[in-house]
Amino acid sequence: MSMSGQGPSWTFLTHHARVLLKIARDPEARLRDVAQSIGITERAVQGIVADLHEAGYLTRRRVGRRNHYQLNLDHSFRYPTEAHAPVRTLVDLFASLEPGQDPPAAAEGDQTDLQPMSSPPNNASTTPVTSSP
């Protein structure tokens with residue numbers, strides 16, 4: 001939470017990712033409902049859906065008075081360092097979890113222990129990163 005008490009000042013997932021995940025959970029969701037669940041305006045969701053459609057991440061089809069969305073989960077992430085991975089990896093990770101649901105517990109003997117930040121791995125460089133003006 002931020003110092004002002006108005007919520008976090010930043011998050012790991014963008015609004016685009018959240019809209020994509022909401023549509024993955026409910027392909028027939030109304031944009032009004034998507035907006036309300038994410039906490040942004042309906043107009044912002046409309047713009048995000050247009051972005052996702054234009055970039056090939058989803059298609060929309062009119063069914064009666066509503067839209068039905070279909071995701072292209074094999075489309076790659078846009079940023080160069082993640083471009084090797086399909087968006088399916090994000091959707092598989094998050095869409096299967098209902099909001100408020102605890103993540104699955106690690107299996108016994110799982111070797112994914114995290115190292116504390118104060119002790120870098122043995123082969124990690126401890127050279128501080130500096131930037132030029």
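**Strands.** I started with the strand pairing in this predicted model. Strand β1 (residues 58-63) runs antiparallel to strand β2 (residues 66-71), and 6 bridges join them. I looked up R62 and found N67 as its bridge partner in β2. The two strands make a hairpin with 2 residues between them. In the turn, G64 has a positive phi of about 65°.

**Helix α1.** Next I went to residues 15-25, which form α1. I noted A17, V19, L20, L21 and I23 as buried. I then checked what the buried residues of α1 pack against: α2 (31-38), α3 (42-54), both strands β1 and β2, and α4 (88-94). At the start of α1, I found a side-chain oxygen of T14 within 3.3 Å of the backbone nitrogen of H16.

**Core.** The largest nonpolar core holds 23 residues. I listed those with the most contacts inside it: V19, L20, I23, V45, V49, L52 and L58. At least two core residues come from each of α1, α2, α3, β2 and α4. The largest share, 5 residues, is from α1.

**Confidence.** The protein has a mean of 79, with 66% of its residues at 70 or more. Over residues 110-133 the pLDDT is below 50, and beyond near neighbours in sequence I found 1 contact for this stretch in the model. Where pLDDT is low, the predicted coordinates should not be read in detail, so I left that stretch there.

Key. Residues numbered from 1 in each chain as written. Predicted model: local features only at pLDDT ≥ 70, side-chain atom pairs only at ≥ 80, totals over all residues. Heavy atoms only, no water. Pairing = 2+ DSSP bridges. Helix = DSSP H or I, 4+ residues; strand = E, 2+ residues; numbered from the N terminus. Buried < 20%, exposed > 50% of the residue type's maximum accessible area, 1.4 Å probe, protein only. Contact = heavy atoms within 4.5 Å. Polar contact = N/O pair within 3.5 Å; in protein donor to acceptor, adjacent residues only side chain to side chain. pLDDT = per-residue confidence, 0-100. Core = buried A, V, L, I, M, F, W, Y, C linked by side-chain atoms within 4.5 Å.
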